[in-house]
Amino acid sequence: MHSYKSLVAWRCAHRLCVDTYRATDKAYHPKCRPLFDQIRRAAVSVVAHVVEGYALGTKKQFRRHLRIALASAAELECLFELIEELGYMDREAMDRLRRLVGKAVAPIVGLIRHLGRVTR
């Protein structure tokens with residue numbers, strides 16, 4: 001691979017991040033600003049850690065950063081539960097974002113597993 005953009009994990013995480021920003025922009029209200037800010041940071045963390053781990057060039061560091069990306073995706077799932085319970089975003093947008101988290105997590109987990117089997 002010559003670029004992180006060739007990674008399915010990056011493409012899925014990138015889509016998650018962009019759509020999270022768009023959804024939070026659309027549903028913005030001053031009362032939900034702190035929660036939306038945290039959601040945005042978590043979404044950026046998912047995609048940024050995929051890239052950072054890839055760029056470091058070692059399997060060990062890549063795996064470490066993929067685990068951080070996975071943790072940020074779990075954080076997103078938790079925050080999406082709060083948003084839904086508080087009624088800050090419509091159900092259709094929430095369902096779409098949840099699906100995107102699942103699509104982002106699958107290739108990240110696959111890469112973590114693959115890198116765990118590869119000799120270091």
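Asp19 is buried, with a relative accessible area of 9%, where buried denotes under 20% relative accessible area, exposed over 50% and partly exposed the range in between, computed with a 1.4 Å probe on protein chains only. The model is a predicted one, in which local features need pLDDT of at least 70 and side-chain atom pairs count only at pLDDT 80 or more, whereas totals for chains, interfaces and linings use all residues. Residues are numbered from 1 along each chain as its sequence is written, and side-chain values use heavy atoms, with hydrogens and water left out.

Asp19 lies in helix H1, which covers residues 8–26; helices (H or I, at least four residues) and strands (E, at least two) are DSSP runs numbered from the N terminus. When residues up to four places away in sequence are set aside, Asp19 touches Arg96, Leu97 and Leu100, contact meaning heavy atoms within 4.5 Å.

The protein as a whole contains 4 helices and 0 strands, and its elements run α-α-α-α from the N terminus on. For 120 residues, a compact globule would have a radius of gyration near 14 Å, and the 15 Å of the protein agrees with this; the radius is taken over C-alpha atoms, and the globule rule is 2.2 Å times the number of residues to the power 0.38. Along the principal axes, the C-alpha atoms fill a box of roughly 50 × 20 × 20 Å. Of the 120 residues, 39% count as buried, and among contacts between residues at least 6 apart in sequence, 70% join residues at least 24 apart.

Helix H3 (residues 59–86) has 28 residues, which at 1.5 Å a residue should span 40 Å, and the 41 Å between its end C-alpha atoms agrees with that value; the expected span is 1.5 Å times one less than the number of residues. Among the buried residues of H3 are Phe62, His65, Leu66, Ala69, Ser72, Ala73 and Leu76, and the buried residues of this helix pack against H1, helix H2 (33–56) and helix H4 (91–117). Gly87, which follows H3, has a positive phi near 75°.

Aromatic pairs were assigned to rings of Phe, Tyr and Trp (its six-membered ring) whose centres lie within 6.5 Å, planes under 30 degrees apart counting as stacked, over 60 as edge-to-face and the rest as tilted. By this rule the count comes to 2 aromatic pairs. The rings of Tyr4 and Trp10 have centres 5.4 Å apart and planes at 70°, so this pair is edge-to-face; Tyr4 is partly exposed at 28% relative accessibility, whereas Trp10 is buried at 12%. Tyr54 and Phe62 also form an edge-to-face pair, with 5.9 Å from centre to centre and 80° between the planes. Tyr54 is partly exposed at 21% relative accessibility, and Phe62 is buried at 9%.

In helix H4, Ala106 is partly exposed at 48% relative accessibility. Ala106 and Leu70 are separated by 36 residues in sequence and by 9.5 Å in space, C-alpha to C-alpha.
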